Amino acid sequence: LANVLEEELGQPVNVVNQPGAGGGVALSRLTVSDDEGYTFVFGTSMTITYGPLSTETNYQLDDFRYVAGVTLGQSAMVTGEDRPFGDTWEGLIEYAKENPGTSYATQTALDRMIIEYIAQQEGLDLRIVPTSGGAGMAPLILSGDVDFAYSGGTHSGYADSGEMPVLLSL
């Protein structure tokens, strides 16, 4: 995207990756930016629309100006290689019913709401492991320290190799 923007704008576009809180850290930084509109955040809209409704943030939807939609979300429930339940959502649900305390790595309030609803509907007793975002989730999944996780897109770098199978695409 930066390369295309450089070409279109006729000036350099610097990329600063700001991980944390599913994009919440980047949005917090943007609200205090004084660069006259030369900084933007590329990421999911859920952090802007849902985040302030579900958790305390220092920003609100009206703090930002929507510019463009560039991509579709790729959120998913993922796992690691060689898990005892395999690589299917149904296998995970069956395993979690038989194994109270099955672990789940969460990144945002939205995915916690989703998994808590699923756990309630399926009668699951999950052990929730909070992370600071995809950078915190990926090592937990890859090492086997958690059974499954929500991924806002981090999994895309691992799914094709089979290191992080997608159980359920959101």
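**Figure 1. Burial and overall make-up of the chain.** Of the 170 residues in this chain, 35% are buried. The model shown is predicted. Its secondary structure amounts to eight helices and five strands, which follow one another along the sequence as α-α-α-α-β-α-β-α-β-α-β-α-β. Along the principal axes, the C-alpha atoms occupy a box of roughly 55 × 35 × 20 Å. The accessible surface of the chain is about 10500 Å², and carbon and sulfur atoms account for 49% of that area. When contacts between residues at least 6 apart in sequence are considered, 66% of them join residues at least 24 apart.

**Figure 2. Strand β4 and its pairing with β1 and β2.** Strand β4 covers residues 148-151. Phe 148 and Tyr 150 point one way from β4, while Ala 149 and Ser 151 point the other way. All four of these residues, Phe 148, Ala 149, Tyr 150 and Ser 151, are buried. With β1, strand β4 pairs in the antiparallel sense, over four bridges. Met 77 is found opposite Tyr 150 of β4. With β2, strand β4 pairs in the parallel sense, over two bridges. Here Tyr 104 has Phe 148 of β4 as its bridge partner.

**Figure 3. The buried face of helix α7.** Helix α7 spans residues 134-143, and its buried residues are Gly 134, Met 137, Ala 138 and Ile 141. Viewed down the axis of α7, these buried residues fall within an arc of 100 degrees, so they line one face of the helix. An α-helix has 3.6 residues a turn, so residues three or four places apart point the same way. The packing partners of the buried residues of α7 are the strands β1 (76-79), β2 (102-106) and β4 (148-151), together with helix α8 (156-159). After α7 comes Gly 144, which has a positive phi near 85 degrees.

**Figure 4. The buried face of helix α2.** Helix α2 is made of residues 24-31, with Gly 24, Ala 26 and Leu 27 as its buried residues. Down the axis of α2, the buried residues fall within an arc of 160 degrees, so they line one face of the helix.

**Figure 5. Salt bridge between Lys 97 and Glu 122.** The closest N and O atoms of Lys 97 and Glu 122 are 3.3 Å apart, and the two residues form a salt bridge. The count of salt bridges comes to one. Lys 97 belongs to helix α5 and Glu 122 to helix α6 (residues 109-122), so the pair ties together parts that are 25 residues apart in sequence. Lys 97 has 46% relative accessibility and therefore counts as partly exposed. Glu 122 is also partly exposed, because its relative accessible area is 34%.

Figure 6. Asp 82 is located in the loop between β1 and α5 (89-98). Although Asp 82 is not a glycine, its phi is positive, at about 55 degrees. Most residues other than glycine have a negative phi. Asp 82 counts as exposed because its relative accessibility is 76%, above the cut-off of 50%. Glu 163 is placed in the loop between α8 and β5 (166-169). Glu 163 counts as partly exposed because its relative accessibility is 31%. Along the chain, Glu 163 and Asp 82 are 81 residues apart, yet their C-alpha atoms are separated by 9.0 Å. Leaving aside residues up to four places away in sequence, Glu 163 touches Thr 79, Gly 80, Glu 81, Leu 142 and Tyr 158.

**Figure 7. A nonpolar surface patch that includes Leu 1.** Leu 1, Phe 40, Phe 42 and Val 70 make a nonpolar surface patch of about 410 Å². Leu 1 lies in the segment before α1 (2-9). Its relative accessibility is 46%, so Leu 1 counts as partly exposed.

Notes:
Residues are numbered from 1 along each chain as its sequence is written. This is a predicted model: local features need pLDDT of at least 70, side-chain atom pairs count only at pLDDT 80 or more; totals for chains, interfaces and linings use all residues. Side-chain values use heavy atoms; hydrogens and water are left out. Patches are made of residues with over 30% relative accessible area and no salt bridge: like charges are joined within 9 Å, nonpolar side chains (Val, Leu, Ile, Met, Phe, Trp, Tyr) within 5 Å. Accessible areas come from the Shrake-Rupley method with a 1.4 Å probe; for residues, only the protein chains shown count as cover. A salt bridge is a side-chain nitrogen of Lys or Arg within 4 Å of a carboxyl oxygen of Asp or Glu. Buried means under 20% relative accessible area, exposed over 50%, partly exposed in between (1.4 Å probe, protein chains only). The arc is that of the directions from the helix axis to the C-beta atoms. Contact means heavy atoms within 4.5 Å. Two strands pair if DSSP finds at least two bridges between them.
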